[in-house]
Amino acid sequence: MQINIINNSQHPLPNYETVASAGMDLRANLTESIILKSLERTIVKTGLFIELPIGYEAQVRPRSGLAAKKGITVLNSPGTIDADYRGEIGVILVNLSTEDFVIENGERVAQLVIAKHERAEWIEVTELSETSRGSGGFGSTGVK
């Protein structure tokens, strides 16, 4: 699929690192470094603007290495970029570690996954079909 993109950053376009990659890394587009203190959050701009076709979204997801090694994650994961949004892609990062984290220009801060989605049409009814689970919620299917 082809997607229109404006790249106002100093960095190459996001790309798939391997033939089987689902996501493309997003890079910070900064004029100066950002120090993200413990439990702080910030919006990191990317310099990228996209035009998705209707029926698709772009999902902004954490990078597993940053999360596992540094405690840095995407706060509203996954963040959704709708097909009608034309603003700059920003990544809401949060520092869940006890140490400061420095975000440098060009740092890979998140990944972007393009996903097809459906639009739902609600059909209001008075009762739902029965299942073996029923209304069992969180943890109702067991622990192991």
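Which residue in β9 is the bridge partner of T73? The bridge partner of T73 in β9 is V94.

This is a predicted model, in which local features need pLDDT of at least 70 and side-chain atom pairs count only at pLDDT 80 or more, while totals for chains, interfaces and linings use all residues. Residues are numbered from 1 along each chain as its sequence is written, and side-chain values use heavy atoms, with hydrogens and water left out.

## Sheets

Strands of a sheet pair through backbone hydrogen bonds, either parallel or antiparallel. Strands here are DSSP runs of E with at least two residues, helices are runs of H or I with at least four residues, and both are numbered from the N terminus. Two strands count as paired if DSSP finds at least two bridges between them.

Another open sheet has four strands in the order β2-β11-β6-β8, and its pairing is antiparallel. Here β2 (24–27) and β8 are the edge strands; each has a single partner strand, so one side of each is left without a neighbour in the sheet. From one strand to the next, the twist averages 35°. Within this sheet, β6 (residues 56–61) and β11 (residues 108–116) pair in the antiparallel sense over six bridges. V60 stands opposite L112 in β11.

## Salt bridges

Side chains of opposite charge can pair when their charged atoms come close. A salt bridge is a side-chain nitrogen of Lys or Arg within 4 Å of a carboxyl oxygen of Asp or Glu. By this rule the count comes to three salt bridges. They are set out below.

| Pair | N to O distance |
|---|---|
| R63 and D25 | 3.4 Å |
| D25 and R108 | 2.8 Å |
| D100 and K37 | 3.5 Å |

Burial is judged by relative accessible area: buried means under 20%, exposed over 50%, and partly exposed in between (1.4 Å probe, protein chains only).

R63 forms a salt bridge with D25. R63 lies in the loop between β6 and α1 (64–70) and D25 in strand β2, so the pair ties together parts that are 38 residues apart in sequence. Both R63 and D25 are buried. D25 also forms a salt bridge with R108. This pair links D25 in strand β2 to R108 in strand β11, 83 residues apart. D25 counts as buried because its relative accessibility is 14%, whereas R108, at 31%, counts as partly exposed.

The side chains of D100 and K37 also meet in a salt bridge. D100 is in the loop between β9 and β10 and K37 in the loop between β3 (34–36) and β4, 63 residues apart. D100 is partly exposed at 46%, and K37 is partly exposed at 41%. Shared partners join D25, R63 and R108 into one network of salt bridges.

## Nonpolar core

In soluble globular proteins, nonpolar side chains tend to be buried together. A nonpolar core is a set of buried Ala, Val, Leu, Ile, Met, Phe, Trp, Tyr and Cys residues joined through side-chain atoms within 4.5 Å. The largest such core has 24 residues, and those with the most contacts inside it are L26, V60, V91, L93, I103 and V109. β3, β5 (48–51), β6, β7, β9, β10 and β11 each supply at least two residues. The largest share, three residues, comes from β11.

Contact means heavy atoms within 4.5 Å. Not counting residues up to four places away in sequence, V109 touches several residues, including L26, V91, L93, I103 and R63.

## Two loop residues

S97 lies in the loop between β9 and β10 (101–103) and is buried, with a relative accessible area of 18%. A polar contact (a pair of N or O atoms within 3.5 Å; within protein, one must be able to donate a hydrogen and the other to accept it, and residues adjacent in sequence count only if both atoms are side-chain atoms) of 2.7 Å joins the side chains of S97 and N95.

D84 lies in the loop between β8 (79–81) and β9 (90–95). D84 counts as exposed because its relative accessibility is 66%.

Technical notes
Axes fitted to C-alpha atoms, helices over the stretch in contact; angles between N-to-C directions.
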